[in-house]
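These are my notebook entries on a structure that I wished to examine step by step. I set down each point as I looked it up.

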Amino acid sequence: MEGKSYQRFPKVKIREMKDDYLKFELRETDASMANALRRVMIAEVPTIAIDLVEIEVNSSVLNDEFIAHRLGLVPLTSERAMSMRFSRDCDACDGDGQCEFCSVEFHLRAKCHSDQTLDVTSKDLYSSDHTVVPVDFSDSAGYDSSENRGIIIVKLRRGQELRLRAIARKGIGKDHAKWSPAATVTFMYEPDIRINEELMDTLTFEEKRNWVDSSPTKVFDIDPNTHQVVVVDPEAYTYDEEVIKKADAMGKHGLVDITAKEDSFIFTVESTGAIKASQLLLNAIEVLKQKLDAVRLSDDTVEADDQFGELGAHMRGG
Amino acid sequence: MGVQRESVAGFPGHNLPLNNGTQIPNSPVKGLAIDKQVLAAPIKSAVEKYQLLPEFLKVRGLVKQHLDSFNYFVNTEIKKIVRANNRIESSLDPSIYLRFKDIRIGEPSVTLDGVSENLNPHTCRLSDMTYAAPIKVDVEYIEGSHGQKTRAQKENVVIGRMPIMLRSCCCVLYGKDEAELARLGECPLDPGGYFIIKGTEKVILIQEQLSKNRIIIDMDKKGNINASVTSSSETIKSKTTIQMEKGKLYLILSQFSTKVPIMVVMKAMGMESDQEVVQMVGRDPRYSALLMPSIEECGKDIHTKEQALDYLESKLKRSMYPPSAHAPNASSEKAGRVMTILKDVFLANVRVHQNNFRPKCIYVGVMLRRIMDAILNKDAIDDKDYVGNKRLELSGQLISLLFEDLFKTMITDVKRTVDSILAKPSRSSRFDFAQWIVRDNITNGLERALSTGNWDVKRFKMNKKGVTQVLGRLSFIGTLGHMTRINPQFEKSRKVSGPRALQPSQWGMLCPCDTPEGEACGLVKNLALMTHVTTDEEEEPLISLFYCLGVEDLELLSGEELHAPNSFLVIFNGHILGKHRRPQRFATAIRMLRRAGKIGEFVSVFLNEKQRCVYIASDGGRVCRPLVIADKGISRIKEHHMKELLDGVRTFDDFLREGLIEYLDVNEENNALIALYEADATPETTHIEIEPFTILGVCAGLIPYPHHNQSPRNTYQCAMGKQAMGNIAYNQLSRMDTLLYLLVYPQKPLLTTRTIELVGYDKLGAGQNATVAVMSYSGYDIEDAIVMNKASLDRGFGRCIVMKRLSAIIQKYENNTQDRIARPNRAGNDAGRMQVLDDDGIAAPGEIIRPNDIYINKQTPRVTRGTMVTGLTDSDFKFAPQTFKGPIGESSVVDKVALFTDKNNNMCIKYLIRHTRRPEVGDKFSSRHGQKGVCGTIVQQEDFPFSERGICPDLIMNPHGFPSRMTVGKMIELLGGKAGVSCGRFHYGSAFGEPSGHADTVEAISHTLVEKGFSYNGKDFIYSGITGCPLQAYIFMGPIYYQKLKHMVLDKMHARGSGPRVMLTRQPTEGRARNGGLRVGEMERDCLIAYGASMLIFERLMISSDPFEVQVCRACGLLGYYNHKLKTGICSSCKNGDNISTMKLPYACKLLIQELQSMNIVPRLKLAEA
């Protein structure tokens, strides 16, 4: 056991990258690694979100807690979050959570003076720190910036007013989903599709067409020239085994062989906008590293040995 | 004869339409034309007819039966009541009188300090008032003084206040549109049909009872055949039973002490000839044979009318009529009494004009005939549970009973006061009859009955309890369900299954699903969606019409002719009108007239071939429903009709008026052949259903695909839908209910039904669409528990608002003092508890309130009785603050504070306390398929399974919930919901909707799923969130509409260490509300005994309950006492302290010993060393 290294060198290949969307391949590692990355992205990458609301005036139809809950869920740009302090460990304010190192203050003042309903949106939140502001979606595709006014918080009719002060703090998704920077983080095993060409050739064009159509997603197609079945998009395969069942039903067992590649994953990451999707991945790796460091740092102590036993020894060796 | 001629004279008006043949839609010429048109028309699908339903509900509303009934009372019935008792005469001087000329109900208003102010319902709700309108009468009366009488008139004299049903024709909301309703603070989706009494909303439940004035044949426990009639006339209610016992026929009437032979009664009514009786029953030799023993029994010594009357007189109950002293001839008086009973009590529904008992005799003849039919053929026995034999009593009828009684009491009261005034020898003031009308009786009587639900009508010895209920406002559906509920008349404890079973005749009238579980199961029912309950209709014009249509009058027929084999009896509302030789033609004629709108649309004709009778009914309380008329199996509704309907040119009433649709009641349905769909119609078909899903009620209508579920599951959902939290009404935030449960983010179900859209559940939903994965996870999901995603809860899933009302009164006392509210002391001991108070001493809205906080800093005067006091100082008041008792450790918010004056002129303060809760372990949730479950655990999102598309479920449900429950509908809901979200269209799952397109088929849904890249079977390939590995099985995952039920852990959890005790026994109190202990009961104790845990029993039953130290005298065995001066125990019977031992005893035991002693029993304790 001792001395043998299990170390692997995973490779990442980025396929598509937008501000709030990232698709990449993660190869030469196993499910535990991929899943750890996913879990950290969802739950442990810190962001900033509104945590405390002091309401001065609220004559809207929604009650105070309702508005506070809605404000909490507004994503705030959180590039600063990694360098910020958790207000519970902040020395500057004695855990009060109101100092500049651990908090950002917001103000909202809205009153409806017209007969038309006034939409109070995230744009009406004024931040004390220009780096921490509500996420602006106007530049992303599909939105017309002129009509898009941010995330709606409450609607006011004539005479109604909302005035409040809010404190945003750093936190992680484990504590509350409002601190989670990830809208979607998911991965799939890359499928390995092998068509038995010999057997496939025994099929008529009509049978091929039927077989291809049996897949709910467009994985296969027929080459219009050669009339050969080709794999057009292996990643569209959802492991539904419809094609295998269809082949069996046609009496062509083993027409296609589909296995999941155990060591390569295709990740899809969508961010809430709090941080860029690419940054989310980097932050996640950083957080993961810190967590491993926390384990490693305590390796000298006896209790760590007791705690981790063989694992601790393994880590020291590796 | 006279009657006959009169009715002919009254006829011509009705005769006109008959002669005008073109008016009748079914005339042969027109019928042909329709056929051609049909052949040319394109083939129609049944879908189009659905559009009638929203139209129907627009016209009739969901609680139209209540409104119709109340409107009928207010517009017609009340006038009839007053007309029948319109004169108050002084018994001293009959020329002094008061006559009611007219009566009407005014606008809802309240008179405060002499000023009348108009009311609207919402202010009544908020300020605990009764929503009532003045009852105004026009009177003509005698006034005068010193023997001079003048006749005077007065209009709009108020005799009392009538509580007004919301949305009835007297209500301010009547005919208002949405914007006007909003201005009045009213929810446009609220159905109305209830009353507001002292600020609480009260519903008069629909009361179910057996038909009045109808012959019901049944068999009693001994196997005797009974024919009974419950007669009800304006003056009296009676029950007449004719029984066949041991081959002889008897009459049972409560006025007679024993059964009396029916033949004697017949003789007493003047039918002295036995032959005539036999003829009246029918000349079939089998009938004569059955009648023989009765004739023989009577024939021995009773032959004449006088003999019969004497015999009956001897059977009279003694106490009934004490012989009056001034009667000169006792025997003729007695005979008169029997005659009166026969005239007024016996078969009271058959009137006797000028001592002509013939109609009564014929009625008895028909009863006897039916009994004999039943003996010869058991099928002829009536089914009491048959819906056609039932009548539903609605609010209007119930109030009219009460009003009539109160009105009569008022008249007698007025008469008594007037008499007493007139009896005074010297009257100084001018006599004015009108001023003695008292109004409080009627007002208070109506208000009391409606608020307590106790219906006491002295005249009929009626004493019903629980007629009204507080309208349940826990959910919108609960409110609607409450309005359609039908209360049974008989007691619930009886162990008969018959009335509880589902009756085939309930089809389309009463909901087959919606009934409670437990003791009221099957007895309490609910109306179906399209049911209408009839109101009374004028009888006289109809009767004369029937005579003109060829009914031969009873009076002109001999007994022989009556039952002639070629003719049918005609029975109208329980009265035998006569016979008809061509019954089929007669029935068709009446139906044509009804379709042409010449007679009321709710008149029903039922040709009973078996009984050879034509039953016509126009009475109130029958259930009926609309159906499309078909000629030879071809629907009368054509495409162009529906197009006109869609264009808004045509309304539901037009369909009715033009004879395309008609209402059928349960009896008439027996003469119809109703096709479910147009395609199923055969040439014999007479009617076509509008939509099959209308057989369900409002509550069952919410369930998607209910026809795929096991039937009890639908019943469970009907009960649970009423407990679901969501939106209650558009005005929910301006209401001040005692308890209000709201959901923070309620949603419209992804899988809807047509009923949901019709009743407005899509606007006031009570649940959320949760993505559900059907799989096992973590072991915290056994026994129907569900696993919830913490991130979903963070984002607002299942979050709810609970509002509770608190109230305080500033009482005024008899000595002119009153409570006061003090300014809070910001520095004293209680400053912390007074944080929520404003400077005025009342809690301020928006403040966070914790348990034990003071919400009103009230002080009461120390002296509240005795003489008038003024100038009180601070020392005359003692503090009486009211503190908030909420869940410990939780903080609530004061939502709203309302101040108003109650009717005793005290200031009242209502507080609404709001508490927002997120789901926690133990909260109850349910889908719409009777699948309830508690939250078993809450799991982090990263641990939750996910699909490669990134879909992560909101909750996980254990698959073991499916096999035994067989809720296939839930699985289809999941599939349909998944297809719905992926293609962006709400899918439908109406009951029985697949053939008509009101429910998407599984095939279509699967097709959509495949199109959107899902598996056709709704299963997904899922990865474990914990390991990242794929799960071994495909997981059935998709959205299901979940309801959060009102049962929450926070309201139920309870534990106690030490705490309050009951004074009498010194044992811990019971129940959560009193912070009580958890009882080790008899069975638990038995377990401990069996286990041998004696010390545990000792601890639980004494140490932690009611230990008490007693002094016991070893000599006499009695309890002594402890003398604190001498510091020894002393036995009071031995008068010394020599043999005293100290021991511990449960206090309850000491109490028992003392109680026994007080009963002269000496319990002695014998002590031994242990």
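**Entry 1. The model**

I note at the outset that this is a predicted model.

**Entry 2. Backbone angles**

Most residues other than glycine have a negative phi. Asp128(B) is not a glycine, yet I found a positive phi of about 55° for this residue. I located Asp128(B) in the loop between α6 (121–126) and β5 (132–145) of chain B. Its relative accessible area is 34%, so I recorded Asp128(B) as partly exposed.

I then turned to Asn816(B), which is not a glycine either and has a positive phi of about 70°. Asn816(B) lies in the loop of chain B between β37 (800–810) and β38 (820–821). I recorded Asn816(B) as partly exposed because its relative accessibility is 49%.

**Entry 3. Cysteines**

How many disulfides are there over all chains? I found a count of 0. A disulfide is a covalent bond between the sulfur atoms of two cysteines. The rule I applied asks for two cysteine sulfur atoms within 2.5 Å.

I checked Cys952(B) against this rule. Cys952(B) counts as buried, because its relative accessibility is 17%.

I also checked Cys1149(B). Its sulfur is 16 Å from the closest cysteine sulfur, that of Cys1116(B), and this is again too far for a bond. With a relative accessible area of 27%, Cys1149(B) is partly exposed.

**Entry 4. Where chain B meets chain A**

I next examined the interface of the two chains. On the side of chain B, 40 residues are in contact with 33 residues of chain A. The area buried between the two chains is about 2900 Å², and carbon and sulfur atoms give 50% of this area.

Which side chains meet in a salt bridge? The rule finds 2 salt bridges across this interface. I noted one that joins Asp943(B) and Arg39(A), with 2.4 Å from N to O. I also recorded 19 residue pairs in polar contact between chain B and chain A.

I then asked which elements of chain B supply the touching side. At least two residues each come from α25 (790–794), β45 (907–917) and β48 (946–947) of chain B. Of these, α25(B) gives the most, with 3 residues. The residues on this side of chain B divide into 17 nonpolar, 13 polar and 10 charged.

Methods
Residues are numbered from 1 along each chain as its sequence is written. Chains are lettered from A and ligands numbered from 1 in the order in which they are written. This is a predicted model: local features need pLDDT of at least 70, side-chain atom pairs count only at pLDDT 80 or more; totals for chains, interfaces and linings use all residues. Side-chain values use heavy atoms; hydrogens and water are left out. Helices (H or I, at least four residues) and strands (E, at least two) are DSSP runs, numbered from the N terminus. Buried means under 20% relative accessible area, exposed over 50%, partly exposed in between (1.4 Å probe, protein chains only). Contact means heavy atoms within 4.5 Å. Buried area is the accessible area (1.4 Å probe) that two parts lose on being put together, summed over both. A salt bridge is a side-chain nitrogen of Lys or Arg within 4 Å of a carboxyl oxygen of Asp or Glu. A polar contact is a pair of N or O atoms within 3.5 Å; within protein, one must be able to donate a hydrogen and the other to accept it, and residues adjacent in sequence count only if both atoms are side-chain atoms. Ala, Val, Leu, Ile, Met, Phe, Trp, Tyr, Cys and Pro count as nonpolar, Asp, Glu, Lys and Arg as charged, and the others, Gly among them, as polar.
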